[in-house]
Amino acid sequence: MSYIFSSSKKFKKTKRDNYISTLQSLPDDLLIDILSRVGSISFTDFFNAKLSCRDFLEVSQEKFIMKNISVEKFHVVPWWKVKDEISAFLKACKESGNPELLYRQGMMEFFSLKKVESGEENLKRAMEMEHMEASYVYGIILLCKGGECSNEEQGIKLLNAVKKSRKLEECRERTRAFVLSMWVNNPIVKSQELTTSCHAETCGGRRRRRGWPWIYERDEDVIDANFCEACMWDDEVSLFCKRFS
């Protein structure tokens, strides 16, 4: 019996040694890629992985990993002081260009801290990395600014891309939850109607319902509904702005 138990322990030790030996044979670039993929899905799995062997631990602070790691586990707006190690970790992620943290920082600066320029810049940076909620909010901001035609064109382009991704409803709900989680000191105000003319005879916007007018039960309805861009996004902006009234 003791022989079997001893053999079992040797087998487990040999298996672990082989696992470590395999990891040690991998180049750093591949280790970074593996850890980045793990971290982009789950922070908990990332944390466990980096503690599993020294090779993962040594590359765990690489900027590429910090940029792509998931921070969904952490509160959007913490209402209590976070631990120093968590604060340092989130700071490293933000400095590495993590799009979710850039989006969060941008939202806080633009809507709560009245740091409009830096807030808009962080939202733009997150948008450029294809962060969906940042694209949605930045598109809304551009349409609210009015003035230059380029603002309107880019804003409509961004919102059309969100609509095409079939994540418009998700973006609405997530941004609404974010707004409700913070003190709003800089409510966004729509400056003017969009300059794009409405095709009144064919536009389904004339038959819009209460609430979000072109989303019913499914995102497919957003794409199939017969609304001209002018009415669709003009009303989207108005309804978004009402969240702050």
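At what angle do H7 and H11 pack, and how far apart are their axes?

1. H7 and H11 pack at about 50 degrees, and their axes are 11 Å apart. Helices are DSSP runs (H or I, at least four residues), numbered from the N terminus. Axes are lines fitted to C-alpha atoms over the stretch in contact, with angles from 0 to 180 degrees between N-to-C directions. The angle therefore makes H7 oblique to H11. Angles under 35 degrees count as roughly parallel, over 145 as roughly antiparallel, 65 to 115 as roughly perpendicular and the rest as oblique. This is a predicted model: local features need pLDDT of at least 70, side-chain atom pairs need 80 or more, and totals for chains, interfaces and linings use all residues. Residues are numbered from 1 along each chain as its sequence is written, and side-chain values use heavy atoms, without hydrogens or water.

2. Tyr103, Arg104, Met107 and Met108 of H7 meet Thr175, Phe178 and Val179 of H11. Contact means heavy atoms within 4.5 Å. By class, this contact has 5 nonpolar, 1 polar and 1 charged residues. Ala, Val, Leu, Ile, Met, Phe, Trp, Tyr, Cys and Pro count as nonpolar, Asp, Glu, Lys and Arg as charged, and the others, Gly among them, as polar.

3. H7 also packs on H9. Their axes come within 10 Å and cross at roughly 30 degrees. That makes H7 roughly parallel to H9. From H7, Tyr103, Met107, Phe110 and Phe111 meet Glu133, Ala134, Val137 and Ile141 of H9. The contact divides into 7 nonpolar, no polar and 1 charged residues.

4. The largest pocket has a volume of about 560 Å³. A pocket is an open set of points on a 1 Å grid over the protein atoms alone, where a 1.4 Å probe fits, with protein on both sides within 12 Å along at least five of seven lines; lining residues have an atom within 4 Å of a point. Volume is the space filled by probe spheres set on the points, which are joined across faces, edges and corners. Of its 18 lining residues, His75, Val76, Pro78, Leu90 and Leu101 are closest to the centre. H6 (84-95) gives the largest share of this lining, 5 residues. The lining holds 11 nonpolar, 3 polar and 4 charged residues.

5. The second largest pocket has a volume of about 400 Å³. Its lining has 17 residues, with Ser40, Glu72, Pro99, Glu100 and His131 nearest the centre. By class there are 4 nonpolar, 5 polar and 8 charged residues. H5, H7, H9 and H11 each supply at least two.
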